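Please keep the sequence and the structure in view while reading.

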Amino acid sequence: MRGPNPSSNHPTLQLLEKCKTLENLKKVHAHMITTGLILHTYPLSRILLISSTIAFTHALSIFNHIPNPTIFLYNTLISSLANHKSHTHIAFSLYSRVLIHTTLKPNSFTFPSLFKACGSQPWRRHGGALHTHVLKFLEPASDPFVQAALLNYYAKCGKVGACRYLFNQLGNPDLASWNSILSAYVQNSGVVCKDVSLSLEVLSLFIRMQKSIVKANEVTLVALISACAELGALSQGAWAHVYVLKHNLKLNHFLGTALIDMYSKCGCLDLAYQLFDQMPHRDTLCYNAMIGGFAIHGFGHQALDLFKKMTLQGLAPDDVTLIVTMCGCSHVGLVDEGCEVFDSMKEVYGIERKLEHYGCLVDLLGRAGRLREAEERILNMPMKPNAVLWRSLLGSARVHGNLEIGEASIKHLIQLEPETSGNYVLWSNMYASVNRWDDVKRVRKLMKDHGVNKLPGSSLVEIGGAMHEFLTGDKTHPCSKEIYLKLEEMSKRLRGYGHKPRTLEVFFDIEEEEKEDALSYHSERLAIAFALIASHPCAPIRISKNLRVCCDCHTSSKLISKIYEREIIVRDRNRFHHFKEGACSCSDYW
């Protein structure tokens, strides 16, 4: 390279910036060669960058003719190619050339684009090795841009612990880093089982962010609103909605969809639909959120109608659309309609069926008592059925008292998930429902032998904008004494209305009276008792639960809504139950 670098105002470089075709690019390239401009680093980096977006083969040709390319030129081309999925392999090939070079070594500008590329498959597995290179080549290894890229990479990989460690190393996180850590917590809050601590951490981090100089944008609010949706935190979610309006953030598809999902999951289906109706442009994701909202609230007919409206408007459904539509059909017993949606997937919409679609079909058939047909569908699947499908069939077999199919299902389940407590609980409850107590004891022994502990029930209730969590038999709440006194009162009033606790499914070898107490101390019962004490007598009680509501709590919640004249809205693992005036929105089909 010779002489000082020409500035970006050079006439030839201005022509280069305007190039849109390979033909024009070659003309400017030829001019740069004849004038000697190509011998300078900056013009050379510009033609590499622009040619890589027009014809990457031409960019490689230019690069391969450079006698001794600097790390700056390597970084320019690596960065451009890594941003295009189809060229990522060439970017890594160039990086390999840097590694074997005798005098060059990667610097802080080499890694960010490569980590970005590693955020998607099939390159994700290379991110760990790339991290070791950061530690090897960078001194110090805590460059803020590289740290931010690493944070974003681990966020996409779902490694929340690594994300938080890297985030804590940043002295003054920028907006991108805040958004990465918030999104990491949100995306992993319900991967295996619902972990409310991750969603609560999003709220905590957002409060910290507000105290910094960084201002939230639309991406930030999507993460915050999604966390509120997972928690069922209506007050915080509504506050976030007001924040969007107050700070003039753009209510784009992503924010609108997040708000619709939040209001649906917080039990405010009317508000969700009002927002959906006001959206000027509704895409497939927006429809998915609203159809899913109808489905989890048990409005299967409305879910199906909206699905039909969507297709009539020319919007193409995706695989999620079909899942939420089938779920809507399942919750209200629209078996034929749900099967029709399943059968139309490939033939009408060209969508390949996944395990999730078969799971919806098995649930749909099982709830309706068509167990043999559900079992045949599982056995004839083109892919290997997972534990979710067999567990769904087992649950249906328990409800309909079909021991033969239930026992066949549990054999597959124990092979696939020998340490999952829910499988043993369903198995035990199936035997308990037909008074086979020796088999119940046998299942309990198997659990002990395998060291399996029953997952404790957990319920969240929102009072005055604060979230209160209760576990089964919880006595850690500051108002514990008042709560248990309220439980005694509730039990007396329930008995006065003729309620007899259903103790068959209590998973303990204890006396009948103790079983009744165990039912009274279920997490949602504690949450209801606290809400009756602490909330306004006219306010709905909103509860979010990590497990399926048991039969006794379902029956007692209906009666409590009548006795205390309170609307109780419970979101369990599968759906919403709106208890009002002694009835439930599910019509006992759940």
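The six strands form an open sheet of mixed pairing, in the order S2-S1-S3-S4-S5-S6, where two strands pair if DSSP finds at least two bridges between them. Strands (E, at least two residues) and helices (H or I, at least four) are DSSP runs numbered from the N terminus. The model is predicted, so that local features need pLDDT of at least 70 and side-chain atom pairs count only at pLDDT 80 or more, while totals for chains, interfaces and linings use all residues. Residues are numbered from 1 along each chain as its sequence is written, and side-chain values use heavy atoms, with hydrogens and water left out.

**The sheet and its helix**
- The edge strands, each pairing on one side only, are S2 (466-471) and S6 (583-584).
- Strand S5 (residues 576-580) pairs with S6 in the antiparallel sense over two bridges, and Phe 579 stands opposite Cys 584 in S6.
- Helix H29 (residues 523-534) packs on the sheet, touching S1 (458-463), S2, S3 (541-545) and S4 (568-571), with contact meaning heavy atoms within 4.5 Å.
- The direction of H29 makes about 15 degrees with that of S1; axes are lines fitted to C-alpha atoms, for helices over the stretch in contact, and angles run from 0 to 180 degrees between N-to-C directions.

**Helix H12**
- Helix H12 (residues 196-210) has 15 residues and reaches 22 Å from its first C-alpha to its last, close to the expected 21 Å, which is 1.5 Å times one less than the number of residues.
- The buried residues of H12 include Val 202, Leu 203 and Phe 206, where buried means under 20% relative accessible area (1.4 Å probe, protein chains only).
- Among the elements covering the buried residues of H12 are H10 (160-169), H13 (218-231), S1 and S2.

**Nonpolar cores**
- In the largest nonpolar core, of 148 residues, Phe 111, Phe 115, Leu 221 and Ile 260 touch the most other members; such a core is a set of buried Ala, Val, Leu, Ile, Met, Phe, Trp, Tyr and Cys residues joined through side-chain atoms within 4.5 Å.
- Helix H13 gives this core its largest share, eight residues.
- Apart from this core lies another, of 29 residues, among them Leu 494, Ala 527, Val 570 and Cys 584.

**Whole protein**
- The secondary structure comes to 30 helices and six strands, and the C-alpha atoms fill a box of roughly 100 × 55 × 55 Å along the principal axes.
- Of the 590 residues, 51% count as buried.

Notes:
Buried means under 20% relative accessible area, exposed over 50%, partly exposed in between (1.4 Å probe, protein chains only).
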